[in-house]
Amino acid sequence: TESWLETRMVQVLRDGGLPDPQRQVELRDDAGFIGRVDLLLGAVVIELHGDQHNERAALDADRLRRARLEAVGYRVLEFGYRAVVEQPARVVALVRATLAHAR
């Protein structure tokens with residue numbers, strides 16, 4: 001993983017009985033490289049956001065990337081520090097529910 005938060009998220013998923021995700025996976029569509037996602041579980045992309053994602057340019061880039069990922073069939077979940085650290089059971093429940101409904 002590339003950050004403490006990603007490492008913590010992997011542990012939250014393990015503790016919740018979910019499989020280990022793939023880490024730092026490069027995804028593409030017909031137009032080419034979409035990006036390298038933090039975590040991938042089947043068709044579910046998990047992105048972890050720190051403060052750098054609060055800037056306008058980053059928000060716009062994140063929206064475009066999410067739209068491209070969804071257009072090729074991925075479900076995208078985005079979590080910040082507080083959700084992962086303070087509400088891990090809720091995060092696991094959301095990931096589990098999303099996995100159940102993903103392609």
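Let me start with a word we will need throughout: two residues are in contact when they have heavy atoms within 4.5 Å of each other. A second pair of words comes along with that one: helices (H or I, at least four residues) and strands (E, at least two) are DSSP runs, numbered from the N terminus.

Hi everyone. What you see above is a predicted model, in which local features need pLDDT of at least 70 and side-chain atom pairs count only at pLDDT 80 or more, while totals for chains, interfaces and linings use all residues. Residues are numbered from 1 along each chain as its sequence is written, and side-chain values use heavy atoms, with hydrogens and water left out.

First, the overall picture. The protein has four helices and four strands, and going along the sequence they come in the pattern α-β-β-β-α-β-α-α. Its radius of gyration is 13 Å, close to the 13 Å that the globule rule gives for 103 residues, so the protein is as compact as a globular protein of that length. The radius here is taken over C-alpha atoms, and the rule is 2.2 Å times the number of residues to the power 0.38. Along the principal axes, the C-alpha trace spans about 35 × 30 × 20 Å.

How much of the protein is buried? Of the 103 residues, 40% count as buried. That word means under 20% relative accessible area, with exposed being over 50% and partly exposed in between (1.4 Å probe, protein chains only). And if we take contacts between residues at least 6 apart in sequence, 55% of them join residues at least 24 apart.

Now to helix 1. Helix 1 runs over residues 4–15, and its 12 residues reach 16 Å from first C-alpha to last, close to the 16 Å expected at 1.5 Å a residue. That expected span is 1.5 Å times one less than the number of residues. Which residues of helix 1 are buried? They are L5, E6, M9, V10, V12 and L13. Looking down the axis, these buried residues fall within an arc of 160°, so they line one face of helix 1. The arc is that of the directions from the helix axis to the C-beta atoms. The face turned away from the buried side carries W4 and D15, both exposed.

What covers those buried residues? The cover includes strand 1 (22–29), strand 2 (32–41), strand 3 (44–49), strand 4 (75–80), helix 3 (81–86) and helix 4 (88–101). After helix 1 comes G17, with a positive phi near 80°.

On to the inside. In soluble globular proteins, nonpolar side chains tend to be buried together. A nonpolar core, for us, is a set of buried Ala, Val, Leu, Ile, Met, Phe, Trp, Tyr and Cys residues joined through side-chain atoms within 4.5 Å. The largest one here has 20 residues, and M9, L13, I46, L48, F79, V84 and V95 touch the most other members. Helix 1, strand 2, strand 3, strand 4, helix 3 and helix 4 each give two or more residues to this core, and helix 1 gives the most, with five.

Next, helix 4. Its 14 residues should span 20 Å at 1.5 Å a residue, and the end C-alpha atoms are 20 Å apart, which agrees. V91, V92, V95 and T98 are buried in helix 4. They cover an arc of only 130° around the axis, which puts them on the same side of helix 4. A89, R90, A100 and H101 are exposed on the other side.

Let's stop at T98, which counts as buried because its relative accessibility is 5%. Setting aside neighbours within four places in sequence, T98 is in contact with V44, R75 and L77.

Last, helix 2. In helix 2, A58, D62 and L69 are buried, and they cover an arc of only 35° around the axis, which puts them on the same side of the helix. Those buried residues pack against strand 1, strand 2, strand 3 and strand 4. On the other side, R56, A57, R63, L64 and A71 are exposed. Just after helix 2, G73 takes a positive phi of about 105°.
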